[in-house]
Amino acid sequence: MKEKPATVFVVDDDEAVRTSLRLLLKSVGLPVETFASAQEFLDQFDPDRAGCLVLDIRMPGMSGLELQQHLNDRHSIMPVVFITGHGDVPMAVEAMQAGAVDFIQKPFRDQDLIDRINRALEKDREMRSQLRERDEIRRRMSQLTPREREVLELVTQGKANKVIAGDLNVSQRTVEIHRARVMEKMGANSLAHLVRMVIEAHREG
Amino acid sequence: MKPAPEAARSGGATSIAELELRAVLDAAVDAVIIIDSGGMIETFSRAAERLFGYSSAEVVGRNASMLMPEPFRSQHDGYINHHIRTGEKRIIGKGREVVAQRRDGSLFPVSLAVGRIEGVDPPRFVGFIHDITDRKRVVEALRRERDRAQAYLDLAEVMLLALDANGTISLVNRKGCEILGWPEDELVGRNWFDTCLPADLRADVRSMFARFFDGTASPAQYAEHDVLTRGGERKLIAWRNVLLRDERGLVSGTLSSGEDITEQRNAIEALRNSEQLLRDAQSIANLGNYETTLPDGPADWSAQMYAILGTDPADGPLTLKAYVERCVHPDDRARFMSAWHRLVDEREPLDVEYRIVRPDGSSHYVHSIGRIAQGDHGLLQVVGTLHDITDRKRAEEESRQAQDRLTQFSRLSTMGEMAAGLAHEINQPLTAIANYAQALQRMLAAPQGADPDDVTLALEQISAQALRAGEVIRRLRSFVKNREAKTEIVDPARLISDLLVFAEPDARLNDIRLQVEHGDALPPVACDPVQIQQVLLNLIRNAIDATIEAGTPSRRIVLRARLDDDGAVEVSVEDRGTGISPEVAENLGNPFFTTKAAGTGLGIAISRSILRAHGGRLAHRATPGGGATVFFTLPAMPWSEK
């Protein structure tokens, strides 16, 4: 899968604000795509694209908050920076509770916005790499045999080989062979590493 | 003297006494007749012969009843017999007027005195008869004269009153009796002063009367004073008096004519009262009236005209020219004259307000109403009133200013409610400007240099957005600033679209869609656009609140302008909010009634008054399916006046 560069997606119904943001972000070398409404953005939304969302909190039709809700429903990880007007604090609080990374009040200093966008992009990167790692763990886990999965389960519960052998009614030697296969297939260099990977794999998302 | 025939018949034995008696009888002026107890004539004097036309010979021995007409003739013997039998005297010893008959049958009045000759039996009687024809005639003439005079007196429509020196009433005519309420016979003989004058006047009138007699006052003078009727009523009498003098030239009494002028006095008093009333009323109302005979006078002004204009009543009414030059405010002269000419030339009733300038330089507002009327001698005149309306104008002005202040306050308060939306509206261009400027800075600072297209775009946009922000502020200022109301002719659709600048941000802030539905082109309306926009903004603000409160999924407010069934332009704000409950509807428009926590309760009240001033109205109806539609109407203007 060919990775597109991380993009700043700007959604604002006010054309002047939209265009000025595009120019500003372009001037700091950030790829920008702008949308005049929440619906327009949603129509082309690709969850695999890296980047962040700069969203006007109030717009006719679907509001910024509603768009955020839609994205959450789709398990989007894209960080959202809300642009709010004067007196929109209650809405901003609501947005933060719904998982927005930040908000900024109009009018703003360019650096403040850029800092927030950079933080959001950084977070997106982290999220995406974490996501990629989890996917790898899950892929590796899917290559385990049923018996190996049972051994993995019991090992990560912290049980000793002798206990596991008793539980599975096999010899301790057999447990040791399975355990070595699991470690190899999962690419774990220690028990602690293996446990972390299992926890990661069981995470939501 | 010839010998008496009866003497011869008595046998010639004529005594001296008889001759003497005869001579006396014949010399007597009155007729003397002697009759016996049977009524037969014994002696008939010369005078009797002359009076009755009979000779003595013709009547002696005959019954005296022949000398009288019926019925006395038949009764005569009865009288004598009755007297002889009873001794009762009916005629004897008394004079009496009776009717006698001459030989030729003619009748004449006589005075008859009868005496009984004593000492003879049977008795004999002597009668003295005096012809009273002349006296009768004179008395009759006098009586007729007196009756005629009385008739004249009675016919007179004035009271005629004669008083003697004591003030006793000696004569009063029918009219006098009528005025005083007394029958004539009861009034004559009474004291005038005690009977017919009110107690409070008695002394004065009596002393005046006394002065007539001692010559210190002329009785010819005219006097007015009250009299007292029998019923106790006072009547005002105008008196003219003359003195009555006796044959020696001394004042013996007065004769007065008196005219009852009570009603006249009452009428004058009533007139005086009504004139005073009119003067008072004019003074209180500060309203004068005038009459001007066309083309320019003479004029007649009421007292209040001078009071209003501040001119001297002694100078009298001004001519039209002088009035315009001296009284009418220079700026209002043309208007006044054109109204005057329309009145005079086209008979269009005068109804004009203008200012006048008083001699002291102060100016007053007046309202003049006038019309053309047919005056005396068929001349046309203008009849009108001049009303000083300065106080009213001042009150109107103050009320208007108070209303303006209130309107202004309400406008600010509405704007306060709209503030969040407006802040956003101004923030948008400011944000864009900041972004462009900062982008420019970065682009110019970049080592690879800036893209010229981007620079151009940013610069263009910076100025465009600055103008946009300025426009919002300008409209906001024009909306909230203290201002004089002014009427313009505007397109209703334009009125709405201009307003959206304020209303839309607020709606958007609350995630409400403000939808404008224009129908066919509408006729223009004459209105103060800012005031009407204030009303509309207020209605939209209310609709937004109602929509938020209702929390309905249909977050939409529809603005509509259309022609209603009466041909007026109706602008409506339709929401799907909570609607208007009956108890709210009942109080709607009462100042300070509000359902909002932070409301002033003035919005609808002021909107109502604004619309009333525009000849429109504010009303509401339920939106089909829930919510309220509040609408107002404005009179449409003809297309041509656009």
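User: Before anything else, what counts as buried here?
Analyst: A residue is buried if 20 or more other C-beta atoms lie within 10 Å of its own. The model is a predicted one.

User: What share of chain B is buried on that basis?
Analyst: Of the 642 residues of chain B, 29% count as buried. The secondary structure of chain B comprises 20 helices and 22 strands.

User: How many of the residues of strand 22 of chain B are buried?
Analyst: Seven of the seven residues of strand 22 (residues 628-634) of chain B are buried, so this strand is largely enclosed by the rest of the structure. Ala628(B), Val630(B), Phe632(B) and Leu634(B) point one way, while Thr629(B), Phe631(B) and Thr633(B) point the other way.

User: Which strands are joined to strand 22 of chain B?
Analyst: Strand 20 (residues 569-574) of chain B is joined to strand 22 of chain B by six bridges and runs antiparallel to it. Strand 21 (residues 617-622) of chain B is also antiparallel to strand 22 of chain B, again with six bridges. Phe631(B) stands opposite Ser572(B), and Phe631(B) is also the bridge partner of Ala619(B).

User: What about the turn in the hairpin of strand 21 and strand 22 of chain B? How many residues lie between the strands?
Analyst: Five residues lie between the strands of that hairpin, and Gly625(B) takes a positive phi near 90°.

User: Changing topic to chain A. What is the strand order in its sheet?
Analyst: Chain A has an open sheet of five strands in the order 2-1-3-4-5, with parallel pairing. Strand 2 (32-35) and strand 5 (102-105) of chain A stand at the edges with a single partner strand each, so one side of each has no neighbour in the sheet. From one strand to the next, the twist averages 20°.

User: Which helices pack on the sheet?
Analyst: Helix 1 (residues 15-27) of chain A packs on the sheet and touches strand 1 (7-11), strand 2 and strand 3 (51-56) of chain A. The direction of helix 1 of chain A makes about 175° with that of strand 2 of chain A. Helix 5 (residues 110-142) of chain A also packs on the sheet, touching strand 1, strand 3, strand 4 and strand 5 of chain A.

User: How far does helix 5 of chain A reach, and which of its residues are buried?
Analyst: Helix 5 of chain A has 33 residues and reaches 47 Å from its first C-alpha to its last, close to the 48 Å expected. Its buried residues include Leu113(A), Arg116(A), Ile117(A) and Ala120(A).

User: Back to strand 3 of chain A: is it buried or exposed?
Analyst: Six of the six residues of strand 3 of chain A are buried, so the strand is largely enclosed by the rest of the structure. Gly51(A), Leu53(A) and Leu55(A) lie on one side, with Cys52(A), Val54(A) and Asp56(A) on the other.

User: What does strand 3 of chain A pair with?
Analyst: Strand 1 of chain A pairs with strand 3 of chain A in the parallel sense over five bridges, and Phe9(A) stands opposite Leu53(A). Four bridges join strand 3 of chain A to strand 4 of chain A, also in parallel. The chain passes from strand 3 through helix 3 (residues 64-73) to strand 4 of chain A in a right-handed β-α-β crossover.

User: Finally, how many residues are in contact between the two chains?
Analyst: 25 residues of chain B are in contact with 19 residues of chain A. Helix 15 (390-445) of chain B is one of the elements on the side of chain B that touches chain A, and it gives the most, with 16 residues. By class, that side of chain B has twelve nonpolar, eight polar and five charged residues.

Definitions and conventions
Residues numbered from 1 in each chain as written. Chains lettered and ligands numbered in written order. Predicted model: local features only at pLDDT ≥ 70, side-chain atom pairs only at ≥ 80, totals over all residues. Pairing = 2+ DSSP bridges. Helix = DSSP H or I, 4+ residues; strand = E, 2+ residues; numbered from the N terminus. Axes fitted to C-alpha atoms, helices over the stretch in contact; angles between N-to-C directions. Contact = placed C-beta atoms within 7 Å. Expected span 1.5 Å × (residues − 1). Buried ≥ 20, exposed ≤ 12 C-beta atoms within 10 Å, placed from the backbone. Right-handed = clockwise from strand over helix to strand, strands pointing away. Nonpolar A, V, L, I, M, F, W, Y, C, P; charged D, E, K, R; others polar.
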